[in-house]
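Hi,

Here is the structure we talked about handing over. Please open it first; my notes follow below.

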Protein chains: 2
Amino acid sequence: MYRPRAWIITIGYELLIGRIVNTNASHIARELTLRGAIVDRIIDVGDSIDDIVNEVRRGISRADILVTTGGLGPTDDDKTLEAIAAATNRALVLNEKALRMVNEFYSRKQLQLTRERVKMAYLPAGAIPIPNPVGAAPGSLLFADGTYIISLPGVPREMEAMLPLALDKIQHVFPEICIRELGKEIKGIPESSLAPLLRRASKKCPDCYVKSHPKGHELEKPIIDVKVLASAEKCEEAERKARLVLEELDRLLAGAGK
Amino acid sequence: MYRPRAWIITIGYELLIGRIVNTNASHIARELTLRGAIVDRIIDVGDSIDDIVNEVRRGISRADILVTTGGLGPTDDDKTLEAIAAATNRALVLNEKALRMVNEFYSRKQLQLTRERVKMAYLPAGAIPIPNPVGAAPGSLLFADGTYIISLPGVPREMEAMLPLALDKIQHVFPEICIRELGKEIKGIPESSLAPLLRRASKKCPDCYVKSHPKGHELEKPIIDVKVLASAEKCEEAERKARLVLEELDRLLAGAGK
């Protein structure tokens, strides 16, 4: 089954100096995964045009879908769309539809369109604005060199509201697929002892993604969270595949006296 | 002042499917920044040898320090050190010192050295093991092609205990620098109105990193968190530089009647 490849590029020095934790990346990764995409890279880069251009070009050459967050706001260091325009050899142009969105947002408060506010309506030529139901800056959807480039604000509340609107617009690239994740917590056996059993159990579903996450201490109080992610055309089939692995693991643990 | 460039590569599919939030990346980014490094990239990549090799090579060609997390454990999908060995054209060899660390950890519990446990003592040839005070897998410090490559486990508790041990070993690459961050919360003015004032205030310290973080709603109840990160040889000087910007911002806000 064909599954589109996705890259996520989160933009802003606040990530690189460790001021904030990148919850946007995990939220977007989860949404893309659940729609059937395979996320290949998450890249945090600063508000530098050159660095953004560099990573966007790499993303375009490797991914079907590229989602960026951050750098859409009114300040001078918000450079994402300028960089995407440069990376795709397009001009950054005033988008009339985006301008109407920005204008509507501020006019509700009787505020004028200053230079900083109009800046948020400049999109790469050919891009479609994504409405922002909770903030000022519209997002941008651009199809360039075979890749859908979605650019959303970095404010989590805004990004979370806009992501489904943007992904719905490119729903045709996602497969008709159902993804299911089943988990199991295993206590009292160290990860290093569980590993060979898990390896054997995983063979029950070679295309499942099976992973053990140690949560307790390796020896004193080992708690291992085992997760199995399975995909299939039908949801029941995806669940069945994941269950096969966990049932086999149960059998092997029982056999090992655990 | 010379400041070393750093890349962070966090390894594991659990990041790419959005199962976990990457708190390791922000913790490491903060530590590196406070020691005077400039973090240029944070990259999340899956447990694929090719992908890790690719990103590690890119990191070596661009950074003085490369910190990786994840993929050091006992399971077959823990491939980080194998990939680092391949990326630097070295063999992966049983490190006697690392083996003693692993052995000591398990022998305290009268547990044998199984294949999975011994695996954790294989490091790239020439690497130094980093002791793991809270878990089984030692870390690795390798100097290759002009870059210090530090590899730590992905379990946050283990990574956090080992990072300072590893960074202390390469303290000579960090500058004699003091970093200070001052902040100020500004209420009642939208980010788009604050932007031009902030731009002017920033001119008081061109090498400071000044950033506004919108926390409330852009219009209804705007709350903007302004942060100024300054560096200098002496801490007082770094603080003075950051304060200059905030004081100028106060003056401009007062002038604008805010």
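This is a predicted model: local features need pLDDT of at least 70, side-chain atom pairs count only at pLDDT 80 or more; totals for chains, interfaces and linings use all residues.

**Helix packing in chain B**

H2(B) and H7(B) cross with a right-handed sense. H7 of chain B covers residues 156-169, and its axis comes within 11 Å of the axis of H2(B). The two axes cross at roughly 20 degrees. That angle is why H2(B) counts as roughly parallel to H7(B). On the H2(B) side, the contact is made by B:Thr23, B:Asn24, B:His27, B:Ile28 and B:Glu31. H7(B) answers with B:Pro156, B:Met159, B:Glu160, B:Leu163 and B:Leu167. By class, this contact has 5 nonpolar, 3 polar and 2 charged residues.

**Chain A overall**

Chain A has 9 helices and 11 strands. Its C-alpha trace spans about 70 × 40 × 35 Å along the principal axes. Of the 258 residues in chain A, 50% are buried. Consider the contacts in chain A with a separation of 6 or more: 68% of them join residues 24 or more positions apart.

**The core**

The largest nonpolar core holds 144 residues. Which of them touch the most other members? They are A:Ile8 and B:Ile8. Leaving out residues up to four places away in sequence, A:Ile8 touches A:Ala25, A:Ile28, A:Ala29, A:Val39, A:Ile42 and A:Val67. As background, nonpolar side chains tend to be buried together in soluble globular proteins.

**H3 and H4 of chain A**

H3(A) runs over residues 49-62 and H4(A) over residues 80-87. Their axes lie 8 Å apart, at an angle of about 55 degrees. H3(A) is therefore oblique to H4(A). The crossing of H3(A) and H4(A) is right-handed. H3(A) makes the contact through A:Ile49, A:Ile52, A:Val53, A:Val56 and A:Arg57. H4(A) brings A:Thr80, A:Glu82, A:Ala83, A:Ile84, A:Ala86 and A:Ala87. The residues of this contact divide into 8 nonpolar, 1 polar and 2 charged.

H4(A) is mostly covered, with 6 of its 8 residues buried. Those are A:Thr80, A:Leu81, A:Ala83, A:Ile84, A:Ala85 and A:Ala87. After H4(A) comes A:Asn89, with a positive phi near 55 degrees.

Now look at H4 in chain B. H4(B) also covers residues 80-87 and is mostly covered, with 6 of its 8 residues buried. B:Thr80, B:Leu81, B:Ala83, B:Ile84, B:Ala85 and B:Ala87 are the buried ones. Just after H4(B), B:Asn89 takes a positive phi of about 55 degrees.

**A:Ser151**

A:Ser151 is found in strand E8 of chain A, residues 147-152. Is A:Ser151 buried or exposed? It counts as buried, because it has 30 C-beta neighbours inside 10 Å. Beyond its neighbours within four places in sequence, A:Ser151 is in contact with A:Thr68, A:Leu72, A:Thr80, A:Leu81, A:Ile84, A:Gly139 and A:Ser140. A:Thr80, A:Leu81 and A:Ile84 are among the buried residues of H4(A). A:Val226 lies 75 residues from A:Ser151 along the chain, and their C-alpha atoms are separated by 34 Å.

**Two loop residues to check**

- A:Asp145 is not a glycine, yet has a positive phi of about 50 degrees. A:Asp145 sits in the loop between E7 (139-144) and E8 of chain A. It counts as exposed because it has 12 C-beta neighbours inside 10 Å.
- B:Gln110 has a positive phi near 55 degrees, again in a residue other than glycine. The place of B:Gln110 is the loop between H5 (96-107) and H6 of chain B. With 6 C-beta neighbours inside 10 Å, B:Gln110 counts as exposed.

Best wishes

Technical notes
Residues are numbered from 1 along each chain as its sequence is written. Chains are lettered from A and ligands numbered from 1 in the order in which they are written. Axes are lines fitted to C-alpha atoms, for helices over the stretch in contact, and angles run from 0 to 180 degrees between N-to-C directions. Helices (H or I, at least four residues) and strands (E, at least two) are DSSP runs, numbered from the N terminus. Angles under 35 degrees count as roughly parallel, over 145 as roughly antiparallel, 65 to 115 as roughly perpendicular and the rest as oblique. A crossing is left-handed if the near helix is turned anticlockwise from the far one by less than a right angle, and right-handed if clockwise. Two residues are in contact if their C-beta atoms, placed from the backbone, lie within 7 Å. Ala, Val, Leu, Ile, Met, Phe, Trp, Tyr, Cys and Pro count as nonpolar, Asp, Glu, Lys and Arg as charged, and the others, Gly among them, as polar. A nonpolar core is a set of buried Ala, Val, Leu, Ile, Met, Phe, Trp, Tyr and Cys residues joined through C-beta atoms within 7 Å. A residue is buried if 20 or more other C-beta atoms lie within 10 Å of its own, exposed if 12 or fewer, and partly exposed in between; C-beta atoms are placed from the backbone.
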